[in-house]
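The sequence and structure come next.

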Amino acid sequence: MTAVLPEAALSPYAADLLRLMTVPGAAEDDPIAREPVDTSRLSDRELGTLLPVAFRLPVQHPAHRVLGAVVTAGRSRQPAFTPEACAAMLSVVVEKLERGGYDGYAVLAVNVLVRCEGPLPAEATESASRLVTLLVDRCRPAHPYTVLALAGVAGGLTGRIESKLFGWSRHSIARDEATVVSRLGPTAQALLAEASGERSYSSPPPPPDIWQRLADLPEYASFAYRALDAARSRAADIQAGRIAYQADAAFERDEAGALGRAVRVALLRDEPWLAELLGQLLPGVAVAPTAARTAPSQALLYEVARAIGDFPTPEAMAALRVARAAARHKGIHKQLDRELRRIERALGDRPDVAFRLPDLGFGPDGVRTVAVGGYHAVLTLSHDVDLTWRRPDGRALAAVPTAVRRDHADTVKELRDLVKQARGQLATVARTLEVGYTAGTTLPYRRWRDELAANGLGWNVVRRLIWEVPDASGRWRTVLPTGDGFAELSGTAVPEPDPDAEIRLWHPLHTSAEEIRRWRDELVDRQLRQPVKQAFREVYLLTPAELETDTYSNRFAAHVVHYRQFYALLKGRGWTCSRLGPWDGGDTDDAYRVLPGGAWRVGFRYDYRDEQPDGVECASTDRVWFDRRVGGAWRTAPLADVPAIVLSEAMRDVDLFVSVTSIAADPHWMDRGDDLHADYWRQGSHAELTATAQTRRAALERIIPRTTLADRSELTERHLVVRGQLNTYKIHLGSGNILMEPGNRYLCIVPSRRGPQQSVFLPFEDDRLALVLSKAFLLADDARITDPSIVAQLRAAR
């Protein structure tokens with residue numbers, strides 16, 4: 001067997017691996033065959049050269065360790081294939097299918113075609129023709145777009161192949177897509193097969209530029225409009241009764257896939273016609289033309305929602321919200337709510353479009369007033385969006401006026417929907433700005449001024465954030481926006497930057513502890529709650545222990561967490577993870593999050609521990625590490641090489657997962673009689689403060705002197721100590737658990753959803769901070785507690 005990359009072009013290590021696989025007896029005598037295989041030393045092209053060799057050999061080959069490592073690397077990296085390597089892989093796939101192998105190997109052949117670096121030799125055409133024959137002779141090809149791509153290599157789409165692929169399709173959209181792409185040649189057909197989602201177990205990850213390459217084809221962009229327009233017309237005909245209605249039958253599965261691809265391409269190209277078209281199509285497929293709680297096509301609705309999640313725009317998200325509001329099926333509401341949360345997160349990665357805010361009628365003061373039936377509805381932007389009602393004379397009302405509720409129910413619903421929309425837009429802007437930290441995002445001042453500050457919603461966000469603007473010498477100055485410009489912490493006015501100058505969000509990582517302290521004082525004095533935790537933001541610096549472990553961190557290892565809550569929080573924060581449980585292979589998982597900018601991802605390992613008798617599941621946390629994208633593949637990097645802000649922001653996520661879901665924060669845990677985790681609970685519920693708990697302590701330093709707790713409490717290193725009339729109490733600032741003195745006896749208080757009993761300004765959103773304050777106010781007046789469960793514990797302590 002000969003190499004498909006000249007021997008001289010291979011590195012010594014790649015040449016050694018090739019020799020072990022191809023030279024008889026080499027793997028039996030060479031000690032290299034018994035060493036761990038380091039595929040990170042292979043270039044992407046060398047990997048592409050070795051893959052056909054590895055796939056052709058039997059798994060019992062003496063160099064089986066090399067074969068396994070090469071094939072595994074091919075599943076996780078982006079191998080590059082010379083034309084000769086492509087031909088070799090197609091030949092291997094023919095051999096496997098002729099021996100009865102499964103269709104997925106043909107998918108692997110198309111994966112190779114997408115990554116081929118030059119024109120295919122004649123033998124590749126012959127292999128592709130044989131593969132098409134083998135696949136089309138099946139009852140129904142499992143991978144039609146793979147067949148289409150191989151047919152392109154073999155000479156084109158014949159009538160027999162087309163009828164075999166699309167004979168079951170009742171409508172024309174999928175056939176139109178295949179016809180368009182068949183005229184564009186084998187490369188475009190292979191792109192379509194990759195984009196269609198047809199995968200095999202051995203497939204490499206999709207190329208990161210797959211959708212951009214498809215969007216760059218003018219003919220496919222034209223198809224995208226034509227297909228979506230046809231779908232809109234069909235949905236309109238169903239709604240008008242011109243097509244008989246059947247639930248979930250408006251579009252075939254292959255059509256929904258084609259339309260999803262069309263939406264992705266249109267979103268990526270930011271087509272100006274898309275917003276109006278989706279505004280008509282989505283409600284048309286989300287709600288039945290009858291009173292039924294069904295929909296013409298849930299499949300298309302969800303596929304479009306997934307497409308918007310891949311390349312979100314504010315307009316597309318707004319159209320999906322309208323469809324969600326129109327739908328009657330509760331299952332649709334649940335599914336779209338989940339997709340909308342994902343879209344909101346993903347929009348943060350597209351700052352080029354995320355700041356296109358709608359004009360919802362809010363003025364610079366953040367107020368919009370709407371006259372309704374002789375009354376006034378007042379919508380106010382603060383750290384939330386409030387809807388209140390006033391009489392004609394201006395007096396406030398506690399609820400919607402009865403006459404308005406009776407005579408203007410539709411308007412009341414529209415106003416409530418407007419509140420939801422405004423909240424969603426505020427959250428999107430804040431998240432987009434926040435995720436820009438790791439990507440190093442800056443904005444031209446002109447855009448900041450015209451798109452954000454000039455919009456009532458945008459101004460509500462940016463006016464509460466700390467910014468950095470350049471002065472005449474190019475030095476960054478830290479400022480807060482004012483009504484007519486900016487001002488430094490000292491109050492000194494700062495000239496407006498040039499329109500083309502850059503402006504960026506301030507991060508505490510890059511400043512002194514003294515400046516952070518002063519900004520915290522300033523925000524609390526102004527009672528300015530930030531939409532993004534900024535002045536009180538946690539900072540995580542590389543530790544000596546992490547320099548010692550080099551490529552991983554144990555900072556958040558060995559914690560016991562509520563697994564279901566932990567899993568939900570991972571998914572909610574945009575991490576990719578698998579469900580664990582008491583089944584084969586369900587004991588360990590690695591969760592990943594690709595950080596904005598796409599150059600880095602963070603990994604977090606955790607293990608399934610057990611299930612309690614009452615059904616509560618536990619997991620334990622393990623190491624954290626960072627991968628850098630190199631040549632389309634992920635390579636683990638030393639922690640010292642990770643940019644400081646990337647490490648800090650990623651560790652902030654992990655700290656959140658642990659601090660929120662740890663069983664140490666569960667006041668009822670010991671009531672389960674769980675001896676297995678008792679030591680962890682006792683230690684963790686009063687452990688050293690994490691960075692999250694330390695910022696909580698910094699907030700309390702500024703909050704407590706302004707309350708009635710000022711002369712009845714003090715802050716220690718880890719606790720808020722409260723002196724009641726009956727006992728003294730130590731509230732742990734991390735877990736929120738309480739010890740009574742003397743004797744350090746545990747006091748169980750069920751968390752209250754009402755927050756602090758007094759009206760207290762909180763400088764940032766933090767449920768645990770509100771919980772600590774709520775318990776403190778309660779215990780400061782412990783003689784007046786009437787809750788029987790608490791009273792019994794207080795009496796037992798005396």
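Which charged end sits over the ring of Tyr552? That of Arg623, 3.6 Å from the ring centre.

## Model and conventions

This is a predicted model: local features need pLDDT of at least 70, side-chain atom pairs count only at pLDDT 80 or more, and totals for chains, interfaces and linings use all residues. Residues are numbered from 1 along each chain as its sequence is written, and side-chain values use heavy atoms, with hydrogens and water left out.

## Charges over rings

A charge sits over a ring if NZ of Lys or CZ of Arg is within 6 Å of the ring centre and within 35 degrees of the ring normal. Arg504 also has its charged end over a ring, that of Trp476, at 4.1 Å from the centre.

## Ring pairs

The structure holds 18 aromatic pairs. Rings of Phe, Tyr and Trp (its six-membered ring) pair if their centres lie within 6.5 Å; planes under 30 degrees apart count as stacked, over 60 as edge-to-face and the rest as tilted.

Trp448 and Phe486 have ring centres 5.3 Å apart and planes at 40°, so this pair is tilted. Both residues are buried (under 20% relative accessible area; exposed is over 50%, partly exposed in between, with a 1.4 Å probe and protein chains only).

Tyr540 and Phe556 have ring centres 6.4 Å apart and planes at 65°, so they are edge-to-face. Tyr540 is buried at 3% relative accessible area. Phe556 is buried too, at 4%.

## Ring cluster

Ring pairs join Tyr563, Phe566, Tyr567, Trp575, Phe604, Tyr606, Tyr608 and Phe657 into a cluster.
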